[in-house]
Amino acid sequence: MSALETLAEVSATRLNSFVSKWKSQGKKVVGYVCTYLPEEILYAADILPYRITGKGAADTSLADSYLTRVNCTFSRCCLELAFSGQYDFLDGATFVNGCDHIRRAFDNWRSHQKALPFMYILPVPHLLSPEALVWYKEEVVKFKEAIEGHFGTTVDPQKLKEAVSTYNESRKLLRRLYDLQAGTEPPLKGSEVITVLSAGTAMPKGEFNTLLRKLLEEAGTRKRVPDKKTRLLVAGSVLDDAEFIENVEGLGALVVTDALCFGTRSFWDLTDETGDAFDALVNRYFNHVPCPRMAGEYPRRMAFLKEQAARAHVDGAILEHIKFCDLHGTDNALLKRDLEKAGIATLELERQYGPLADAGRLRTRIQAFLERIRR
Amino acid sequence: MSTPKADAIERIVEAFEMASALPEDMDLESPEMKALIEMMPESRRNTFLAMAKDPDVRKMSAVFNRCLGIYWRKLLSAKDEGKKVVFVPFNFAPEIFHALDMIPVCVEVLTTMALTLEEGIEPYLDLSVERGLPDTMCSAQRAVIGLFETGLLEKPDLLVNGALGSCDPNSKAFEYMAEKFNIPVLYLDIPFYHDKRALDYYAKGYKNIVKAIQEMTGAKLDVDRLREVVENTNRASELFFEINELKRNVPNPVPNYYNMHHTGMKLTMVGTPDAVEYYQTALDVSKDRFKRGKSVLPEERIRLLFLYTGYYFDNSIYSWFQEEMGVSYVMDVLTAFDFNPLIDTSSVDSMLYGLAEEMLNLPMTRQLKGGWDMPDNWLSDMLYYARTYKADCGVFTGHTACKQAWGVYRLVADELKRQLGIPSLRLEGDGWDSRITPMSVIKDQFEEFFATLL
Ligand code: SF4
Ligand code: SF4
């Protein structure tokens, strides 16, 4: 099996073979939802961090009577999977107050009979101020203590250092992959890259790194995607389902980079490995490429997008947001204005996540956009 | 949209001045009055009549409209007088700006006031969306953004947002205004919890903002002026605590219409002598009604608690409750200031800390940050208000944009039922946009619900 095939299998299976193996060794698995959670703390405690998503939810009927139609379909799909027992294999879940929808998904899950034995929310400030950094650090300390207390383990400083290094390795490998994608004739389709990224959040990072290295080797011998396709950047609301990208690419485009929280925004910044590992982690997670939840950081998000667009030589950008996702919807309106000003053709799309996704409706708009910008 | 003629604020001020100039003994049946009423658009007419019909309500409204008219007129001359104007959301207390001789404008109150414009706010809601803003954002800020787009509303000198952590649409609306219209902005982060550590963090953020405002505008905080403002706030708090005491009576003598005014005053003018005058008038009217045994008509049959926002686009609903349904509207989250502290005025530091504490207890900040069942959060407040004000039922008006409230409404309503036996009604609509659910439909739904309670 090629590395890509293995990763695709991991991405497609909720309780995948790596998680099963981990559990069979008597070790714990804890779900998380957001890029502001320092996963390394779990990993150092020999707990597998597993990113909770809504992928594969067939409908949202259970979730809908709690989270309502004005809540985004991603948060509803996550809750649906939780309520229908599909996350029963987790030993706990740790959320972050990322947005109004996801913190309410947490509230509902925590209050439901399907609540896991360990339900925790790590409150992250919405400003990047010195006081907020102190608050965040205190919260990360509390989180570490809660993990230690509940699971009867300790986060050993040496193991934390090792976890930081393993995670950094992962980020560096992903950047190499993105460098290849940025070149002419990228080795992978954008939909395959999403698959790789999503697999990386559902298996131990050490083993993921081994597969990534193999993937990079294989990429050298792989038949390249021809350069005549329209090169795109995708940014916006959470996107871990290859289907949306597949649809875009089916129309003659190639997604070569992104500014997504499953993509570059989660791995672009490294953790400093020279000083105290805990402090370095806190700094890294607090200051990493900001999510639209961080107030006053729009200029940084804009700059990051432009940097990604230039690096990957894109012909245009798709800014998507899930309906009712005000964080990304509002940012996208501003980003569209500023990207177009910078000469980057941009399409803004409102979409749904999961079973409500309506590929047909979006197709026409994407097609028209591609025709407009085709080289 | 066809472009209306004049500056929005100018026209709003005119409407308020007109309303406050109405004589106390006004005869609604006189031909002149009838002609005037006929000319008004429907929702404005309903709101006007709700205020004008009842002499008790009119007394409070006259003071309210006069004070607010004067206040908004100041906005028109702000530039000439060198005064800075700052836009804030409804969970940012205005006192600090009064103390700095700046003019605070609460965006949500401005949208409510803009309902008096003859063209309504709908064209502005739509325009904001045509120009890029998602239609899922809150109409209470969208109207102001639409007004900016037309140029009918002058840009303020500064935006200060304090909704981070309690409402994403609100925080993002301010960021959008700042970026799109190039207005300087400051943000105040709301902590997740409600304890001493959280208050210290929040107060530090608040003090940073006060410092930054002074640096950005050149304004200087004077301790005596601040004390004067805070003493007015304390006086206003004592008065509305007294009014709330009266509300606990069965039947409740405080007119339903009071709730809207109470909030409007608190969010704009608290800290000024005018606000004290208004609350004093409201207290006098309520006391007098208590003495006369006056309450809702025909008799108090139901005591209603709004679990979050009310309706603003047509206030006739409150007089309909009062005069036809026998429903006493005892409290809503936006009128809920029972946890307002009396502020220690001994030093600048104690006053700023007190103002921060006041803000941490303002609507939305207090109830919608953090988790729904944490101490001093939504559920605990609803249980407290339902018990204290002896509510028989609750209603969630279902303002579409409040995703954080929608997301746990069911949990709160289930607990109210389980712990206090109080049923709740969940509606869907919009507080400001009359097109989402028209008032006639809203009234039908209420009527059906009330029938199940009697
Ligand atoms: S897609 Fe948007 S609304 Fe949904 S969970 Fe993510 S940030 Fe929140
Ligand atoms: S809490 Fe609701 S009413 Fe208030 S600003 Fe947010 S969305 Fe609007």
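**View 1. A salt bridge joins D326(A) and K403(B) across the two chains.** The side chains of D326(A) and K403(B) meet at 2.4 Å, N to O; a salt bridge is a side-chain nitrogen of Lys or Arg within 4 Å of a carboxyl oxygen of Asp or Glu. The interface of chain A and chain B holds 8 salt bridges by this rule. The model is predicted: local features need pLDDT of at least 70 and side-chain atom pairs pLDDT 80 or more, while totals for chains, interfaces and linings use all residues. Residues are numbered from 1 along each chain, chains are lettered from A, and side-chain values use heavy atoms, without hydrogens and water.

**View 2. Chain A and chain B bury about 3900 Å² between them.** Buried area is the accessible area (1.4 Å probe) that two parts lose on being put together, summed over both. Carbon and sulfur atoms give 55% of this area. In chain A, the most area is lost by R104(A), W135(A) and D326(A), together 17% of what that side buries. Contact (heavy atoms within 4.5 Å) involves 47 residues of chain A and 43 residues of chain B.

**View 3. The largest pocket has F16(B), T47(B), T112(B), T116(B) and N315(B) nearest its centre.** A pocket is an open set of points on a 1 Å grid over the protein atoms alone where a 1.4 Å probe fits, with protein on both sides within 12 Å along at least five of seven lines; lining residues have an atom within 4 Å of a point. In this pocket the lining numbers 50 residues.
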